[in-house]
Amino acid sequence: MSHPNKKRLRRSMMFLNAQKPSLIKDPYLYGADSLMLDLEDAVAVTAKDTARFSLYQALKNVDYRGCERVVRINGLDTEYWKEDIRCCIAGGADVLRIPKTEDAKMVKAVEDAVLAAEREFERPEGSTLLMAALESAKGVMSAYEVCTSSERMIGIALSGGDYTKDLQTKITGTGVELMGARQQMIIAARAAGVQCFDTVWTDLDNLEGFRKEVMLIKDMGFDGKSIINPRQIPIVHEVFTPSMKEIIFSEKVIREIDSKRKEGIGVFTVDGKMIDIAFYDGAQRVIALAKASGVYKGEL
């Protein structure tokens, strides 16, 4: 199964309480790449049915203007997740986020329920994608297993709060407590050919600290970051969108490699930097990201 949106642009994924119609009726106005409509932690136990009703109405009736609709369902250790899935499929959600994922069996259980719901509500089989949140030491250790557990899987996301609690530490703001999980997850995701998303930053008054963290995870290789406030979107998009300097350099690299390859030349310089064929894929990724971000005006 090959889904055209498995690797779409997902620089920002903004959490919204699915229970509140005022939050989910027009959030596409903020410009996030993906919206995370939350049925889990943001919704009280007594309001799960209300949240599902609100979510279903939004999915069926709101034009999200191309913004991806991701829904975080309740955990598999609860009584709510199966009905969450039926609601999401009936409404037409794009992606389901599985919380507290620790192994491939959990993904398979969700996958089976999704397929049954697609058949029940006559949606195309395989049209609903999945992502998994890793929130424990066991989950992080199983990252590659989770990444390769389903053809529907678009990627994995770190949930830093629960992970650090399981690690018997806390969020420090330095990133040191998350470094091992981040590194292991990005390696697993790349080995599996799926995407990888970082955890939220909760200190909304410290945008400079937020920017530094976004730059860090971008340099580590992440595809995007989970966010909780529209003010965080411009920073994430600025960091994850290639600069004009990067675009121009990548254009030169692609053209030079294409030209030198025909001449049988394997190593050469571009703007004073030593270049060989190993730089080709990276340059192409920059151009692809620039196109997806809407900033590329070239011809490659």
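Where does Glu135 lie? Glu135 sits in the loop between β5 (129–134) and α5 (137–141); helices (H or I, at least four residues) and strands (E, at least two) are DSSP runs, numbered from the N terminus. The model is a predicted one, in which local features need pLDDT of at least 70, side-chain atom pairs count only at pLDDT 80 or more, and totals for chains, interfaces and linings use all residues. Residues are numbered from 1 along each chain as its sequence is written, and side-chain values use heavy atoms, with hydrogens and water left out.

**The annotated domain and binding site**

- UniProt, in an unreviewed entry, lists residues 11–230 as "domain: HpcH/HpaI aldolase/citrate lyase"; UniProt positions are given in the numbering used here, feature names are shortened, and annotations may be inferred rather than shown by experiment.
- That span, residues 11–230, is 41% helix and 18% strand, and its end C-alpha atoms lie 13 Å apart.
- The "binding site" annotation, from an unreviewed UniProt entry, covers Arg72 and Glu135.
- These residues are spread over 64 residues of sequence, yet they cluster in space, with a largest C-alpha distance of 13.5 Å.
- From this set, Arg72 belongs to the lining of the second largest pocket (on a 1 Å grid over the protein atoms alone, a pocket is an open set of points with protein on both sides within 12 Å along at least five of seven lines, and lining residues have an atom within 4 Å of a point).

**Around Arg72**

- Arg72 is part of strand β3 (residues 68–72).
- Arg72 counts as buried because its relative accessibility is 8% (buried means under 20% relative accessible area, exposed over 50%, partly exposed in between, with a 1.4 Å probe and protein chains only).
- Leaving aside neighbours within four places in sequence, Arg72 has contacts (heavy atoms within 4.5 Å) that include Phe15, Asp38, Glu40 and Arg97.

**Around Glu135**

- With 5% relative accessibility, Glu135 counts as buried.
- Beyond its neighbours within four places in sequence, Glu135 is in contact with Pro99, Lys100, Ser159, Asp162 and Tyr163.
- The Glu135 side chain also reaches the backbone nitrogen of Lys100, at 2.9 Å.

**A look at Glu145**

- Glu145 has its place in helix α6 (residues 143–147).
- Glu145 has a relative accessible area of 37%, so it is partly exposed.
- Apart from neighbours within four places in sequence, Glu145 is in contact with Asp103 and Ala104.
- Glu145 and Lys20 are 125 residues apart along the chain, and their C-alpha atoms are separated by 35 Å.

Definitions and conventions
On a 1 Å grid over the protein atoms alone, a cavity is a set of points where a 1.4 Å probe fits but cannot get out, and a pocket is an open set with protein on both sides within 12 Å along at least five of seven lines; lining residues have an atom within 4 Å of a point. A polar contact is a pair of N or O atoms within 3.5 Å; within protein, one must be able to donate a hydrogen and the other to accept it, and residues adjacent in sequence count only if both atoms are side-chain atoms.
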